[in-house]
Amino acid sequence: IFMKLQKSQVVYLVLVCVLTFVLIFTPHYGNRFPIHIDEWHHISEAIKLFDGSFIISHFGVEMGFHFFLSFLSNFFNLVSVYQFLPALWAIVSGLVLFFVVRAKVGSSRDGFLIAIFSMIFFASIKSNTNITGLWFFTPLTFAIPFIYLYIYFFTKGFEERKVGYVLVSLGIMLFLIPVHSISFLFSIPFLLVYSYFHRDFVLKNYKFFLVFLIVPLVGIIFYSYVRDLSILNGLKELLVQLQFRRGWGVLERNNSPFEIYSLIGYVFALIGSFVILSKPKLRKRYFIFPLWTLSVLIYLIIFKISGISFLSPYQRNIYYFAISLPVLSGFGFVAVLNTLKGFFEGRKFFRGLFIVIVLFFVFVSYFDIPKNTRLYQVVDEDGYDALKFLSSVEVKDGERVMAPVFISTAMFSVSSHEPVGTIFFYGNRGDVESFFKGDCSTREGLIDKHRVRYVLSEKELECGWVEIYGDKGWFVYGV
């Protein structure tokens with residue numbers, strides 16, 4: 001695919017990659033640390049996996065992602081390099097999308113334009129702390145290129161009547177089970193619908209397609225193993241867990257469709273859907289793209305009505321909806337461009353101006369983030385120095401460090417010490433908040449309860465403890 005590109009097309013592709021990196025790296029200008037509690041959580045789990053303290057039953061359902069991070073930790077300090085991972089992986093995902101689209105639409109001029117603008121619309125997908133997104137490196141974003149790939153190989157196998165391609169798709173699905181299983185589960189309904197429209201191929205190769213039963217079987221076995229349950233009990237619990245009710249997320253809000261994608265992007269996606277569905281040749285080859293979008297839209301509507309999201313959570317479905325749109329937007333943009341071809345004939349300036357205007361409206365609202373889902377900073381340079389100091393002092397097995405919940409979220413990743421409680425994933429957040437609000441008597445009781453060895457505080461605490469660190473607004477006490 002890439003070797004067939006012209007030199008000018010390679011230049012455009014490289015330029016889009018560079019701009020993607022610059023855009024996705026934006027939150028890290030002036031902040032070299034991970035920017036979401038999920039990122040700190042995954043770093044902690046990867047470190048525990050590397051040093052042998054990982055407990056499978058806690059967060060094992062995403063252990064494949066933690067293995068990947070643990071592998072990286074052999075070569076890099078994860079806290080130091082994590083700032084680059086979202087932008088680099090966004091480029092990987094964009095290139096995979098470019099490959100998938102170009103492989104399906106061909107190497108013509110229009111094919112290149114659809115592929116490159118699909119990549120641009122992909123880079124324009126917004127991020128926030130509720131829905132997450134490309135700004136963060138999590139199992140969700142890690143799974144994105146694999147989603148595009150398994151859908152591509154699945155449809156290619158049906159189109160060319162070759163089970164080998166479908167087998168590759170199956171392999172990618174199996175890979176995603178221990179990485180981010182819902183990134184496969186969400187697609188089951190529309191892949192089944194797609195298969196129904198090619199039922200002659202399925203019936204002809206029914207023995208092969210029975211192999212797909214391996215996917216749910218492996219999923220059930222894996223989940224049962226992670227949860228330390230029998231397969232029967234694991235299946236029962238899994239069926240309950242795959243009903244994501246309102247309140248599943250840390251933050252529930254009435255999401256606007258424009259907090260994840262631009263208005264002009266939606267307009268082009270609608271045009272692209274119409275173009276694909278209105279022409280039999282295009283519909284036969286590209287039906288999967290509007291089908292994907294429509295299916296996930298139905299999931300979102302069901303949640304709005306019932307308060308239950310099946311197979312994958314509502315917040316994740318919003319993102320699966322978003323990543324289905326760039327291809328449709330690419331089709332729509334090129335359709336509009338071709339419609340205006342007569343006007344642009346001999347007027348290259350106006351054609352270029354039209355593209356610039358489109359790009360402006362694609363990205364003009366990129367940084368418009370709802371107030372309660374804006375970025376936050378878990379730790380700053382001064383707090384990081386305090387955690388580095390803690391890494392130099394000894395804490396015995398079972399002993400913990402008492403610190404505010406925000407900086408506690410980064411504690412294990414930086415100091416390898418266990419906090420009493422963090423914002424969400426670990427420990428007892430309530431006791432931490434009670435400690436810093438209470439008097440010395442209350443604090444002593446909580447120190448005994450949690451076997452606290454050190455206290456890290458943003459203010460001086462006059463409770464008779466020995467201050468062993470006091471610099472840049474942070475204090476560490478040995479208790």
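**A walk from the hairpin outwards**

Let's start at a turn: strand 5 and strand 6 form a hairpin with two residues between them, and Lys472 in that turn has a positive phi of about 55°. Strands here are DSSP runs (E, at least two residues) and helices are DSSP runs too (H or I, at least four), numbered from the N terminus. This is a predicted model, where local features need pLDDT of at least 70 and side-chain atom pairs count only at pLDDT 80 or more, while totals for chains, interfaces and linings use all residues. Residues are numbered from 1 along each chain as its sequence is written, and side-chain values use heavy atoms, leaving out hydrogens and water.

Strand 5 (residues 466–471) runs antiparallel to strand 6 over five bridges; two strands count as paired if DSSP finds at least two bridges between them. Within this pairing, Gly470 has Phe475 as its bridge partner. Strand 6 also pairs with strand 4 (residues 452–457), again in the antiparallel sense, over four bridges, and there Val455 stands opposite Tyr477.

The largest nonpolar core has 156 residues, and Tyr150, Ile323, Phe333 and Leu456 have the most contacts inside it. Such a core is a set of buried Ala, Val, Leu, Ile, Met, Phe, Trp, Tyr and Cys residues joined through side-chain atoms within 4.5 Å. Helix 19 (residues 314–339) gives the most to this core, with 15 residues. Leaving aside neighbours within four places in sequence, Ile323 is in contact (heavy atoms within 4.5 Å) with Phe122, Ile125, Ile144, Ile147, Tyr148 and Trp292.

Finally, the charged pairs. The structure holds 11 salt bridges, each a side-chain nitrogen of Lys or Arg within 4 Å of a carboxyl oxygen of Asp or Glu. One of them joins Lys449 and Asp431, with the closest N and O atoms 2.7 Å apart. This pair links distant parts of the chain, 18 residues apart: Lys449 lies in helix 26 (residues 440–449) and Asp431 in helix 25 (residues 429–437). Lys449 counts as exposed because its relative accessibility is 54%, whereas Asp431 is buried because its value is 12%. Elsewhere, salt bridges that share partners join Glu45, Lys48 and Glu418 into one network.

Notes
Buried means under 20% relative accessible area, exposed over 50%, partly exposed in between (1.4 Å probe, protein chains only).
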